Amino acid sequence: QSLFASSALVNIGLDLFPTICDYAGVVLPGGLNGQSLRPLIEGRAEHVAGEVFVETLLDGVNVRGWSIIEQDYKYVFYRFYKNREQLFSLQNDPGEMLNLAVDQRQHEHLMRLRKKMYNWALKTNDKMLQKALVDLIAE
């Protein structure tokens, strides 16, 4: 049996410190966005998060990107890029080859994830992302 459930979504960059604090019995300082993975490690839970947020800076081309990864979908938004928005069905397209962001049949999923991304920008006080998404979520 593996340490984590195969479908568990984790963000080691955000979740490692809260996990260490949990095991040490230390109160987690306020303002952190991660969560303890202890329930996963100890087999008391299969999931601790419904989604994982990721932020990337592509060095050399100075492109900043954000993504939300859920069990079924992945939404990617780039500040500057030819295909600025990307939406993938992780169940049907695990290789992320078909960008569903341009498919009108996927508009509901696209809007739902845009709004989640915008709410993440508000939570983390990411003014750049807020400004980039504000007009898109109004559609």
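Accessible areas here come from the Shrake-Rupley method with a 1.4 Å probe, and for residues only the protein chains shown count as cover. By that method the accessible surface of the protein comes to about 8800 Å², with 53% of it belonging to carbon and sulfur atoms. This is a predicted model, in which local features need pLDDT of at least 70 and side-chain atom pairs count only at pLDDT 80 or more, while totals for chains, interfaces and linings use all residues. Residues are numbered from 1 along each chain as its sequence is written, and side-chain values use heavy atoms, with hydrogens and water left out.

**Overall layout**

- The secondary structure comes to 4 helices and 4 strands, where helices (H or I, at least four residues) and strands (E, at least two) are DSSP runs numbered from the N terminus.
- Read from the N terminus on, the elements follow the order α-α-β-β-β-β-α-α, and the C-alpha atoms fill a box of roughly 45 × 35 × 30 Å along the principal axes.
- Of the 139 residues, 38% count as buried; buried means under 20% relative accessible area, exposed means over 50%, and partly exposed lies in between, with a 1.4 Å probe and protein chains only.
- Among contacts (heavy atoms within 4.5 Å) between residues at least 6 apart in sequence, 35% join residues at least 24 apart.

**Helix α1**

- Helix α1 has 13 residues and reaches 17 Å from its first C-alpha to its last, close to the 18 Å expected at 1.5 Å a residue, the expected span being 1.5 Å times one less than the number of residues.
- Asp-15, Pro-18, Thr-19 and Cys-21 are the buried residues named in α1, and seen down the helix axis the buried residues fall within an arc of 165 degrees, so they line one face of α1; the arc is that of the directions from the helix axis to the C-beta atoms.
- The buried residues of α1 pack against α2 (38-41), whereas the face turned away from the buried side carries the exposed residues Gly-13 and Ala-24.
- Ile-12, Leu-16 and Ile-20 form a nonpolar surface patch with about 280 Å² of accessible area together; patches are made of residues with over 30% relative accessible area and no salt bridge, with like charges joined within 9 Å and nonpolar side chains (Val, Leu, Ile, Met, Phe, Trp, Tyr) within 5 Å.
- Leu-16, which lies in helix α1 (residues 12-24), is partly exposed, with a relative accessible area of 46%.
- After α1 comes Gly-25, whose phi is positive, near 75 degrees.

**Helix α3 and Tyr-73**

- Helix α3 (residues 107-124) has 18 residues and reaches 26 Å from its first C-alpha to its last, close to the 26 Å expected at 1.5 Å a residue.
- The buried residues in α3 include Leu-110, Leu-113, Arg-114 and Trp-120, and what covers the buried residues of this helix includes α1, β1 (51-58), β2 (63-70), β3, β4 (85-89) and α4 (127-137).
- Tyr-73 lies in strand β3 (residues 73-78) and is buried, with a relative accessible area of 14%.
- Leaving aside neighbours within four places in sequence, the residues in contact with Tyr-73 include Ile-68, Phe-88, His-109 and Leu-113.
- Asn-125 follows α3 and has a positive phi, near 60 degrees.

**Salt bridges**

- The structure holds 9 salt bridges, a salt bridge being a side-chain nitrogen of Lys or Arg within 4 Å of a carboxyl oxygen of Asp or Glu.
- The side chains of Asp-22 and Arg-38 meet in one of them at 3.5 Å, N to O; Asp-22 lies in helix α1 and Arg-38 in helix α2, so the pair ties together parts that are 16 residues apart in sequence.
- Asp-22 is partly exposed at 29% relative accessible area, as is Arg-38 at 24%, and a network of salt bridges links Asp-22, Arg-38 and Glu-42.
- Glu-70 forms a salt bridge with Lys-116, the closest N and O atoms being 2.8 Å apart, and this pair links distant parts of the chain, with Glu-70 in strand β2 and Lys-116 in helix α3, 46 residues apart.
- Glu-70 is buried, with a relative accessible area of 9%, whereas Lys-116 is partly exposed, with 27%.
- Arg-114 and Glu-85 meet through their side chains in a salt bridge of 2.7 Å, N to O; Arg-114 lies in helix α3 and Glu-85 in strand β4, so the pair ties together parts that are 29 residues apart in sequence.
- Arg-114 counts as buried at 4% relative accessibility, and Glu-85 is buried with a relative accessible area of 15%.
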